[in-house]
Amino acid sequence: MTVLVLGGAGYIGSHAVDRLLDNGYDVAVVDNLVTGHKEAVRKEARLHIGDVRDKAFLRKVFTEENVEGVVHFAAFSVVPESMKDPLKYFDNNTGGMITLLEVMHEFNVANIVFSSTAATYGEPKQIPIKETDPQIPTNPYGESKLAMEKIMHWSDVAYGIKFVALRYFNVAGAKPDGSIGEDHNPETHLIPIILQVAAGKRDKLQIFGSDYPTKDGTNVRDYVHVVDLADAHILALKYLADGNDSNAFNLGSATGFSNLEILEAARRATGKEIPAVMAPRRPGDPSTLIAASDKARDILGWKPQYDDVEKIIASAWNWHEKHPNGYKG
Ligand code: UFG
């Protein structure tokens, strides 16, 4: 079966391509390489360089490839950037989804697995967050992804395009052999920033906010290993291939760690001191995000292998040590 992976040169997408190939799928990748890296895509996958908003380009890809299923990662995903430049997010993320669905409809491709996010829930009313809870984003990134979920819903009603929306919580870690990993420029995510401090590339970590209503005043997040996350996409493809209805699933560990706890775990995983200071809150950050993830376990049969945040950080540190300058060396 040929799977088209949009955004397959990005952090999560490249791990999904790797796992799809390992599981015997034929894989084609679309990526504009704005945030993705050519080097992250395994040679066995066919890379088409171009933009998801470019309809002529997408039509060419769908003509050349016998696409049977689509996995869509191609999106901007930096919450603070979305607060400063919301239209960039609605244009690329939400606009890109419309073009993709139009071309899927034209070529009679009826299955899509989609990267959604915990950010679609906003500030939760209850913890852990269930899939049926209200979705009221607190930032344009989450809003752009929620709009994409709704567009998929109505495309199912009208054209019968079935979807699985996978709502990721905080993704971290790298392939255990350290051959692919997280390489963003600029980096904004907590764990890679902590590891840059550990590696001596930054002076200190700034912890954004110490007065949240949490156990130690810092934000609480639910971390999931990127390889476990990638495997959930394969289960979602199978779920759709089996003829099931469209659905949405949280992907998290059901356990929350505060930013200070992550810092301590990183100190243990790296053996480094990692200087840190408290800093003002970052706009748009919800206080606590923890997933109820039993739905993915029950219906998709998802069994995450990494249940220890220190091991997740250790796999990211392995990538950092092997690639101190990311894919550039
Ligand atoms: N943080 C710091 N200092 C830093 C960087 C981050 O204190 O230098 C804090 C943030 O304020 C937040 C936590 O670390 O409290 C995690 O921040 P990240 O930027 O690593 O991740 P987010 O929780 O903001 O967002 C991530 C993804 C989103 C996704 C979201 C869902 O980037 O795409 O998880 O939980 F929507």
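Residues are numbered from 1 along each chain as its sequence is written, and side-chain values use heavy atoms, with hydrogens and water left out. As the model is predicted, local features need pLDDT of at least 70 and side-chain atom pairs count only at pLDDT 80 or more, while totals for chains, interfaces and linings use all residues.

Let's start with His-37, in the loop between strand S2 (26-31) and strand S3 (46-49); strands are DSSP runs of E, at least two residues, and helices are runs of H or I, at least four, numbered from the N terminus. Is His-37 buried or exposed? His-37 counts as buried because its relative accessibility is 15%, and buried means under 20% (1.4 Å probe, protein chains only). Its side chain reaches the backbone oxygen of Asp-183 at 2.7 Å.

Now to the ligand. There are 20 residues around the ligand, and Thr-117, Asn-170, His-189, Asn-219 and Asp-285 come nearest; to be near, a residue needs a heavy atom within 4 Å. Ligand oxygen atoms lie 2.6 Å from a side-chain N or O atom of Asn-170 and 2.7 Å from one of His-189. Leu-190 brings a backbone N or O atom to 2.8 Å from a ligand oxygen. Taken alone the ligand exposes 680 Å², and the protein buries 93% of that (Shrake-Rupley method, 1.4 Å probe).

Which elements give two or more residues to this shell? They are helix H6 (190-198) and strand S8 (205-208), with S8 giving the largest share, 4 residues.

Definitions and conventions: Buried < 20%, exposed > 50% of the residue type's maximum accessible area, 1.4 Å probe, protein only. Polar contact = N/O pair within 3.5 Å; in protein donor to acceptor, adjacent residues only side chain to side chain.
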